[in-house]
Each structure stands twice: as structure tokens, then as C-alpha cells.
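Work through the following exercises with the sequence and the model at hand. Each task is followed by a solution in steps.

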Amino acid sequence: MMHEVPMRYVKANQVGIVTFVLLSFFLNQPLLLGLLWIIQVAGLASAGKLNLFVRIAKLILKGTGTETQAAELQRFNNVLAVLFLTLALASTAFGWDIAAYAFSIMLLAAASAALLGYCVGCTVYFWYKQLRAGRKIGRI
């Protein structure tokens, strides 16, 4: 049986990502990206149980929605988020501001697109699985 994650928790995490990245831009505060990195790593290490955004959603969103996402896919998307945050924070540490903004904007774009219904990480995951299976990836 495949483990599933309620979409309300997936969406809560996406809203948290978008909010923190936008706040880091508007407040010119890269430390907010560091806090977001901690939230995402804690969630990744605990299968979502210690993700602050999911914990808040569990308190607030008591809906009975049936839409879910495979936990494996959610984990893959969280790994991508942590990767982009790590690259943004490392770029900031080296004083590479343009690269830091680029990685932050890529994360913001992916999370925003997911909130609007298109999952970039899902597409990357599909390509990854196709490559691992030894299949050619055609044009989109």
C-alpha cells in the first residue's frame, strides 16, 4: 500500500515556502531563507511530522478533503526545495547575490506554480523515473 499525504498539508507547505521567500525578498533578509531551510530539513528528516507549516495546517485545517499526493513524490519535492535553499544560502555566504536570488526565484516559481496547479517537481520526478527505467525522454 502506498503512503499518501493529504493535499491540504502539501499546499500548506507550498504557501509557507512562497511566504518565506517573498518575505526574504521584501525585507532583504536572507536569514528568513535559513529559517525556511531549517523548517524544510526538519520536515524532510521526519517525513513531514516536524514541518512547521504542516503542524500549523493540522491545527487549522480540519477538512475531510480526499485529495492526496504520494509521500514519495512529496519527499522528492521537499528534497528539491532543500537543494534550492541550500544553493541560495551558500551563494549568499559567498557573496554571490545574483545566484542567491536566482535559486530563490526558482524555488518561488516552483512553489507558486504548484499552488496554481502545475507541479514542476512532479515533472522532474517523472523524467527521473523514466531515466532510471532506461527509457528515452521525448520532447514535451
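**Exercise 1: the second largest pocket**

H4 gives the most to the lining of the second largest pocket, with 6 residues. The model is a predicted one.

Task: State which elements line this second largest pocket, which residues lie nearest its centre, and how its lining divides by class.

Solution. 
- Step 1. The second largest pocket holds about 320 Å³ of space.
- Step 2. Its lining has 21 residues; nearest the centre are Asn 77, Leu 107, Ala 110, Ala 111 and Gly 121.
- Step 3. Two or more lining residues come from each of H1, H4, H5 and H6.
- Step 4. Sorted by class, the lining has 13 nonpolar and 8 polar residues, and no charged residues.

**Exercise 2: the largest pocket**

Task: Describe the largest pocket by its volume and its lining.

Solution. 
- Step 1. The space in the largest pocket is about 380 Å³.
- Step 2. Its lining has 19 residues, and Val 5, Ala 47, Gly 48, Lys 49 and Gln 74 are the closest to the centre.
- Step 3. At least two lining residues each come from strand S1 (4-6), H1, H2, helix H3 (52-60) and H4.
- Step 4. H4 supplies the largest share of this lining, 4 residues.
- Step 5. The classes are 8 nonpolar, 7 polar and 4 charged residues.

**Exercise 3: helix H5**

Solution. 
- Step 1. An α-helix has 3.6 residues a turn, so residues three or four places apart point the same way.
- Step 2. After H5 comes Gly 117, with a positive phi near 115°.

**Exercise 4: the disulfide**

Task: Find which cysteines are joined, and decide whether each is buried, partly exposed or exposed.

Solution. 
- Step 1. The whole structure contains 1 disulfide.
- Step 2. This disulfide links Cys 119 and Cys 122, with an S to S distance of 2.2 Å.
- Step 3. The link of Cys 119 and Cys 122 is right-handed, with 80° about the S-S bond.
- Step 4. Buried means under 20% relative accessible area. Cys 119 counts as buried because its relative accessibility is 17%.
- Step 5. Cys 122 has a relative accessible area of 21% and is therefore partly exposed.

How values were computed
Residues are numbered from 1 along each chain as its sequence is written. This is a predicted model: local features need pLDDT of at least 70, side-chain atom pairs count only at pLDDT 80 or more; totals for chains, interfaces and linings use all residues. Side-chain values use heavy atoms; hydrogens and water are left out. A disulfide is a pair of cysteine sulfur atoms within 2.5 Å. Buried means under 20% relative accessible area, exposed over 50%, partly exposed in between (1.4 Å probe, protein chains only). On a 1 Å grid over the protein atoms alone, a cavity is a set of points where a 1.4 Å probe fits but cannot get out, and a pocket is an open set with protein on both sides within 12 Å along at least five of seven lines; lining residues have an atom within 4 Å of a point. Grid points are joined across faces, edges and corners, and a volume is the space filled by probe spheres set on the points. Ala, Val, Leu, Ile, Met, Phe, Trp, Tyr, Cys and Pro count as nonpolar, Asp, Glu, Lys and Arg as charged, and the others, Gly among them, as polar.
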